[in-house]
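Thanks for making the time this morning. I would like to walk through one model with you, going from the ligand surroundings to the sheet, and then to the core and a few individual residues.

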Amino acid sequence: MSVASTIKSRVSTAKFTSQWVNPEKIIDLLDVAVYAPNHKMRQPWRFVILEGAGKDKFVTNYLAQVKESEREEHKKLVMKVMMAPTVVAFIMKKNPVYADEIEDIQACAALIQNFLLLLEDEKMGSFWKTPKYIETEKFKDVLGIRYDELVLGLVMVGYPQVKVEPKLRESAKLLTTIYE
Ligand SMILES: Cc1cc2nc3c(=O)[nH]c(=O)nc-3n(C[C@H](O)[C@H](O)[C@H](O)COP(=O)(O)O)c2cc1C
C-alpha cells in the first residue's frame, strides 16, 4: 500500500476478534515506529505491552487499588480498553523545560501515528485512547511508571471484526492559504 492509502484507510477499531497478537510482532513494529522525528534525538519514549496473563494481572491489581464501592464503575472503564487482545502503553519521560516537553509530546505523537499506520499496513486494527485514569497515581504505580514519566496514551491492538469506512475530513484546500 502507498503511504497515502495507508493513511486514508486507517480508522479507529471498535471491535476486535479474539485472535492473539504476538508481542514480538508489536516490538518489531515499534522498532520501525521509533524512526519518528524527535528533537536532538532525545527519543523520549518507552513502551509497556499488556496482553494475555499480564493484562489480566494488571486489571486485577489495578482494581484492587480502587475503593470497593467504585470498583464496578472502574472495571467498566478499564475493560473498555483492556477488551482488546493487546494494549500498548506509550510512556514519555517528563522534561523539566516546558518548550522541550512540548517537542517531546509531538515526537511521541509522531511515533504513535507511525505505529498505527504500520498496524494498518499489516491489516491490524488500533484505537488510540487517553482515558482520565492514565494520569492517576494508582494506574501508574500498578503499571510501573516512574514519578518522572507520563503515560501519554494507550493503544488498543488486535484484528478488526469488520473494516469500517474512514470518516471524511474537511479538505485541506479549505484550510490553507498560500501566503503572498
Ligand atoms: C491524542 C488522542 C487521544 C484520543 N483519545 C481517545 C479517547 O480517549 N477515547 C476515544 O474514544 N477516542 C480517542 N481518540 C480517537 C479519536 O476519537 C479518533 O481518532 C477520531 O474520532 C477519528 O476517528 P478515526 O481514528 O476512525 O479516524 C484519540 C485520538 C487521539 C489522537
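Let me begin with the ligand, around which we find Val11, Ser12, Trp128, Lys129, Thr130, Pro131, Gly153, Pro166 and Lys167, where being near a molecule or strand requires a C-beta atom, placed from the backbone, within 6 Å of it. Sorted by class, this shell holds 4 nonpolar, 3 polar and 2 charged residues; here Ala, Val, Leu, Ile, Met, Phe, Trp, Tyr, Cys and Pro are counted as nonpolar, Asp, Glu, Lys and Arg as charged, and the others, Gly among them, as polar.

Before going further, please keep in mind that this is a predicted model, in which local features need pLDDT of at least 70 and side-chain atom pairs count only at pLDDT 80 or more, while totals for chains, interfaces and linings use all residues. Residue numbers start from 1 along each chain as its sequence is written.

Now to the sheet. Helices (H or I, at least four residues) and strands (E, at least two) are DSSP runs numbered from the N terminus, and two strands pair if DSSP finds at least two bridges between them. On that basis, 4 strands make up an open sheet in the order E1-E2-E4-E3, with antiparallel pairing. E1 and E3 are the edge strands, each pairing on one side only, and from one strand to the next the twist averages 25 degrees.

Taking the pairs in turn, E1 and E2 are joined in the antiparallel sense over 7 bridges, and within this pair Phe47 stands opposite Phe90 in E2. Strand E2 (residues 86-93) is antiparallel to E4 as well, over 8 bridges: Val88 has Val155 in E4 as its bridge partner, Ala89 stands opposite Leu154, and Ile91 faces Val151.

How buried are E2 and E4? I call a residue buried if 20 or more other C-beta atoms, placed from the backbone, lie within 10 Å of its own, exposed if 12 or fewer, and partly exposed in between. E2 is mostly covered, with 7 of its 8 residues buried, and strand E4 (residues 149-158) is largely enclosed by the rest of the structure because 8 of its 10 residues are buried.

Two helices deserve mention here, with contact meaning C-beta atoms, placed from the backbone, within 7 Å, and with axes taken as lines fitted to C-alpha atoms, for helices over the stretch in contact, so that angles run from 0 to 180 degrees between N-to-C directions. H2 lies across E1, E2 and E4, and runs at about 160 degrees to E1. H5 packs on the sheet and touches E1, E2, E3 and E4, its direction making about 10 degrees with that of E4.

What about the core? A nonpolar core, as used here, is a set of buried Ala, Val, Leu, Ile, Met, Phe, Trp, Tyr and Cys residues joined through C-beta atoms within 7 Å. The largest one has 35 residues, and those with the most contacts inside it are Val87, Ala89, Phe90, Cys108, Phe115, Val155 and Val157. Helix H2 (23-33), strand E1 (45-51), helix H3 (52-64), E2, helix H5 (98-121) and E4 each supply at least two residues of this core, and the largest share, 8 residues, comes from H5. Leaving out residues up to four places away in sequence, Val157 touches Val21, Ile26, Ala84, Pro85, Thr86, Val87, Val88, Leu119, Met124 and Ser126.

Finally, some individual residues. Gln43, in the loop between H2 and E1, has a positive phi, near 40 degrees, without being a glycine, and counts as partly exposed because 14 other C-beta atoms lie within 10 Å. Lys123, in the loop between H5 and E3, is likewise not a glycine and has a positive phi of about 60 degrees; with 11 other C-beta atoms within 10 Å, Lys123 is exposed. Ala172, in the segment after E4, is exposed because it has 7 C-beta neighbours inside 10 Å, and its C-alpha atom is separated by 40 Å from that of Lys75, 97 residues apart along the chain.
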